[in-house]
Amino acid sequence: MSHWLDEAGFLAALDADGRRELQGLRPVHVPARTTLFRPGDAAQSFVVLLSGRIGVYLTGRNGRELLLYAVTPGETCVQTTLGVLGGAPYTGEAIAETDLVAVMVPPAVFERLMAGSAPFRQFVFHAFAARLGDLMFVLEQVAFVRVEQRLARALIERADAAGEVLATHQDLAVAIGTAREVVSRRLEAMASKGWIASERGSVRLLDRAALAKMALQD
């Protein structure tokens with residue numbers, strides 16, 4: 001039977017010392033919709049995600065949520081890295097958006113790997129830089145890109161091969177950093193133009209070309 005390290009392609013360059021440190025750790029299964037951490041929590045481990053998707057959200061004082069970034073296999077969580085490295089408490093909330101398989105690396109093991117394994121250290125910092133890039137993109141989108149453009153892009157990115165987006169108006173609002181009512185109005189306008197058909201819990205794309213053009217407008 002293969003070890004989980006052999007299936008984690010993003011750790012393929014790990015050196016022998018790094019493999020020995022991780023060899024004894026076992027993957028855990030986490031059900032979808034599980035809350036992994038909340039604001040104020042301390043980081044208990046460094047998560048190596050093997051399958052599934054985690055969404056990390058920020059909630060404002062008005063209760064509005066914003067999706068900061070998603071974590072998929074080969075990626076890391078900025079807040080967890082900062083928490084394990086520097087003891088900073090979480091400021092966001094992480095939700096398992098699907099069933100997960102992950103390996104929880106204890107802080108002591110993580111510190112030894114960071115100090116003694118150059119390939120592991122490179123993996124952590126490379127993934128950390130990528131997540132910071134995602135955060136900067138979210139900031140740019142919310143600050144400078146119109147809601148219509150953000151919504152059109154979100155619909156295109158989330159649509160399956162048949163053109164269906166399985167998301168509520170609230171889900172889309174969280175994804176693009178605005179209010180549900182704003183999303184509902186914009187979807188109504190898109191539907192009146194024949195671009196989409198909005199149904200309960202889903203949106204069907206009817207004119208991808210028009211949405212793509214809207215997403216790219218200055």
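Trainee: Why is serine 117 called buried?
Mentor: Its relative accessible area is 2%. Buried means under 20%, exposed over 50%, and partly exposed in between (1.4 Å probe, protein chains only).

Trainee: What should I keep in mind about the model?
Mentor: It is a predicted model: local features need pLDDT of at least 70, side-chain atom pairs count only at pLDDT 80 or more, and totals for chains, interfaces and linings use all residues. Residues are numbered from 1 along each chain as its sequence is written, and side-chain values use heavy atoms, with hydrogens and water left out.

Trainee: Where is the place of serine 117?
Mentor: In the loop between α4 (107-116) and α5 (118-144). Helices (H or I, at least four residues) and strands (E, at least two) are DSSP runs, numbered from the N terminus.

Trainee: What makes the pair of serine 117 and aspartate 15 a polar contact?
Mentor: Their side chains come to 2.5 Å. The rule asks for a pair of N or O atoms within 3.5 Å; within protein, one must be able to donate a hydrogen and the other to accept it, and residues adjacent in sequence count only if both atoms are side-chain atoms. The pair meets that rule, so it is a polar contact.

Trainee: Which residues does serine 117 touch, not counting those up to four places away in sequence?
Mentor: Leu14, Asp15, Gly18 and Arg112. Contact means heavy atoms within 4.5 Å.

Trainee: Why is glycine 40 called exposed?
Mentor: Its relative accessible area is 57%. That clears the exposed cut-off, so the label holds. Glycine 40 sits in the loop between β2 and β3. Beyond four places in sequence, it touches Pro89 and Tyr90. Alanine 88 is 48 residues from glycine 40 in sequence, yet 9.0 Å away, C-alpha to C-alpha.

Trainee: What makes a set of residues a nonpolar core?
Mentor: They are buried Ala, Val, Leu, Ile, Met, Phe, Trp, Tyr and Cys residues, joined through side-chain atoms within 4.5 Å. The largest such core here has 38 residues; Leu11, Leu22, Phe46, Val56, Val105 and Phe120 have the most contacts inside it. Helix α5 gives the largest share, five residues. A second, separate core has 25 residues, including Ala152 and Leu187.

Trainee: How do you know that α6 and α8 are roughly perpendicular?
Mentor: Helix α6 (residues 147-158) and helix α8 (residues 180-192) pack at about 75 degrees, with axes 11 Å apart. Axes are lines fitted to C-alpha atoms, for helices over the stretch in contact, and angles run from 0 to 180 degrees between N-to-C directions. Under 35 degrees counts as roughly parallel, over 145 as roughly antiparallel, 65 to 115 as roughly perpendicular, and the rest as oblique. The pair is therefore roughly perpendicular.

Trainee: Which residues meet there?
Mentor: Val147, Glu148, Leu151, Ala152 and Leu155 in α6 meet Val182, Val183, Arg186, Leu187 and Met190 in α8. They divide into eight nonpolar, no polar and two charged. Nonpolar covers Ala, Val, Leu, Ile, Met, Phe, Trp, Tyr, Cys and Pro; charged covers Asp, Glu, Lys and Arg; the others, Gly among them, are polar.

Trainee: Why does alanine 210 count as buried?
Mentor: Its relative accessibility is 14%, so it passes the buried test. Alanine 210 lies in helix α9 (residues 208-216).
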